[in-house]
Amino acid sequence: MTNALEIEGLTKTYGDGFKALKGIDLHVAEGDFFALLGPNGAGKSTTLGIVCSLVNKTAGKVRVFGYDTDTHLSDAKLNLGVVPQEFNFNQFEKVFDIVTTQAGYYGIPLKQASASAEKYLKKLGLWEKRDTPARMLSGGMKRRLMIARALVHEPKLLILDEPTAGVDIELRRSMWTFLEEMNRQGTTIILTTHYLEEAEALCRNIAIIDHGKILKNTSKKALLQQLSLETFVLDTEKTLDAAPELNGFPTRLDGEGALEVEVQKGQGLNQVFVELERLGIKVVSMRTKANRLEELFIRMVEENAAESTQTVEGAA
Amino acid sequence: MTPQALFTAFSTIVVREIRRFTRIWAQTLLPPAVTMTLYFIIFGNLIGSRIGEMGGFEYMSFIVPGLIMMSVITSSYANVVSSFFSMKFQRSIEELLVSPVPNWVILAGYVTGGMARGLGIGLIVTLLSLAFTRLSIHNLPMMVLTVFLTSALFALGGFINAMLATKFDDISIVPTFVLTPLTYLGGVFYSIDLLPGFWQGVSMANPILYMVNGFRYGILGVSDVNPFVSLGMILVFISVLAFIALRMLERGKGIRH
Ligand SMILES: Nc1ncnc2c1ncn2[C@@H]1O[C@H](COP(=O)(O)OP(=O)(O)OP(=O)(O)O)[C@@H](O)[C@H]1O
Ligand SMILES: [Mg+2]
């Protein structure tokens, strides 16, 4: 089976000499729902920008459904739909015109373009706004407009750079449902997001990128299994003055006086309560500290940062 | 892309360009109509009657071809430079960059859009001039060819200007400091016979002089220069600018990081 996207040895040095990508390798299988995660400035938009011809690469290979962007650019582009991070439509044009014009750029005749625009504007709840100039849409509507525009030529690979930034919870959920539906019908989807909950809910495979390097590229399942440690937050009946010592479980107090307990995978929670019982501490409620993926993510990025400083010091 | 698909992409760009300048007609179509009507009244009627003949024609008839050409030049240039620069500025140029439209089709689309406005204005100004004078046409093919090619040439110029521009000021420098002076000194209002020998020579280095005179030849049958020389010159300029514009698009200068 061909991969929807293959990236090999991709590097990018911007005009000012900044090395945004330092050799990226990525493979995304056809039909996958893939997340590219990373902190601000990690190189996500740069990577996706190169795939969509918005950024010139410095070195490396990009193939979309087997079409090399150096030699078969137009075939690669026909298979690709893009939702960029920043709004990039003409603010004065009407919603319907924006979508049909985009179809025209792909060589789709107006009649067919109009039918396709109607289909996606309806699916994304923008049909009533079709004659509205884009500048008069709300932020969430603008995002959906960009999705409709990216789909109008029915690409096999859809790339979304933070599609749900600035979108309220309800709309976010409905966008998730929409994307899941697209994916079920066969569209390969790659997205970047800062909401790890989003990646956890939607994606099958995940790559973590930081400082222009891929730190991890694996299935979400494998990634979550790696998470060997989980932090629980316990609210106690009486506020504690100091963190109690629990046999085998590191503890600390958080800013609000709640008790944080670290539990290794396989350790089990029962023992935590036995220990607390022994100390006479009564627990009123309990929750996990953060989204699990988030915890893993933060740890990886922190480790990477520590390593980078070490290398810098080593070099000095 | 198949030839049909290429044509669809091309006409999509042209239609969008035409939609843009007709949507903002009060900024694009109205001003030249007003300005040129003032020129006709003041230079043609009021002052022109005192000037007498120029190049063997009454002054009004003499300046009409020049004024039509002047508005065609200005509008063709202005359309492409402002449309393409604002696409860059709003980043909606990315809509084209992600699509499979080849660069030459992008360029052809913008140039045709600029020509649509330039020639549209030319037509409006011609119709307005009929309220002041009678127009006879001496050589229709020469007239049509000159005005079409000149319009294409300045649309190309506007495109290159927009590619190079990084801020809004950059798109008014060339029109104000280059195009306007060259047009005024390009024989719109006078025949260079009136000038002393030295300044005649200098004027011959002004490309716009050739275009104005070529067009005037098509209408009146008089010209300061050989109209075929001016056609040839416009063609050479078009090839050079088209080559430069395509190279810039290929490199993505100012539009791709
Ligand atoms: N045009 C540019 N010129 C110079 N440096 C740039 C340019 N664009 C991006 N960079 C730098 O490249 C790095 C990666 O940027 P990029 O936009 O790819 O990050 P990102 O992962 O998408 O971040 P975010 O989550 O904030 O969107 C950043 O350090 C950024 O400052
Ligand atoms: Mg980004």
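Modeller: Happy to! Let's begin just past the end of helix α9(A), where G280(A) adopts a positive phi of about 70 degrees. Helices (H or I, at least four residues) and strands (E, at least two) are DSSP runs, numbered from the N terminus. The model is predicted, so local features need pLDDT of at least 70 and side-chain atom pairs pLDDT 80 or more, while totals for chains, interfaces and linings use all residues. Residues are numbered from 1 along each chain as written, chains are lettered from A and ligands numbered from 1 in written order, and side-chain values use heavy atoms, without hydrogens and water.

Now step back into the helix itself, residues 270-279 of chain A. Here V272(A), E275(A) and L276(A) are buried, meaning under 20% relative accessible area, with exposed over 50% and partly exposed in between (1.4 Å probe, protein chains only). Because these three cover an arc of only 100 degrees around the axis, they sit on the same side of α9(A); the arc is taken from the directions from the helix axis to the C-beta atoms. On the face turned away from that side you'll find exposed N270(A), E277(A) and R278(A).

What do the buried residues of α9(A) pack against? They meet β11 (229-236), β13 (259-264) and β14 (283-288) of chain A, where contact means heavy atoms within 4.5 Å.
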